[in-house]
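Hello,

Here is the model for your files. Please look it over; my notes on the salt bridges follow.

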Amino acid sequence: MVKQDGVREAANTQKQKGVSKLLKVITLLIILGVAGFVYGRYFFVFGEGVKTGQLNYVVLKGYAFKTYEGKLIQAGFRSPKTGVSSGIQSYEFEFSISDPKVADRLMLAGGKEVELHYREYKAAIPWRGYSTFIVDSIVAIK
């Protein structure tokens, strides 16, 4: 009787270890999946490039997180919707600025022709700015 109870306890202990190990693996996979999603959505640089145009404004705004936001007016015109020819709008590039030093230089360049290097993300983060386009450097101010 004592021997059978010991065998049963050993079997139950093995079963519990197997379930415990499975739960650890599943938890790890869920954590890695969430981490991969967050990285891909908020931190992976989807695209980068340079935009040129007349700097309309740069402002510091926000409730909880103060971020630098700006707008660039690009040369040329476009229709408001694809295939629709009525109405004309200018190209506007709205962006956030990550570096306060870059923002300070751009605040002094209002109305001038500027070339800005930017990075594009899939989604915005409140402390990074309102836009998915983040200007990280100034290529030229004319």
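**Salt bridges**

Glutamate 115 and lysine 142 pair through their side chains in a salt bridge, at 3.1 Å from N to O. The term means a side-chain nitrogen of Lys or Arg within 4 Å of a carboxyl oxygen of Asp or Glu. Glutamate 115 sits in strand β4 (residues 113-120) and lysine 142 in the segment after β5 (133-141), so the pair ties together parts 27 residues apart in sequence. Strands (E, at least two residues) are DSSP runs, numbered from the N terminus. Lysine 142 is exposed, at 59% relative accessible area. Exposed means over 50%, buried under 20%, and partly exposed in between (1.4 Å probe, protein chains only).

This is a predicted model: local features need pLDDT of at least 70, side-chain atom pairs count only at pLDDT 80 or more, and totals for chains, interfaces and linings use all residues. Residues are numbered from 1 along each chain as its sequence is written, and side-chain values use heavy atoms, with hydrogens and water left out.

Next, lysine 71. A salt bridge joins lysine 71 to glutamate 92, with the closest N and O atoms 3.4 Å apart. This pair links distant parts of the chain: lysine 71 is in strand β2 (residues 67-78), glutamate 92 in strand β3 (residues 89-97), 21 residues apart. Lysine 71 also forms a salt bridge with glutamate 94, at 3.7 Å from N to O. Lysine 71 is buried, at 13% relative accessible area. Glutamate 92 is partly exposed at 41%, and glutamate 94 is partly exposed at 44%.

The whole-structure search finds four salt bridges.

Best wishes

Methods. Helices (H or I, at least four residues) and strands (E, at least two) are DSSP runs, numbered from the N terminus.
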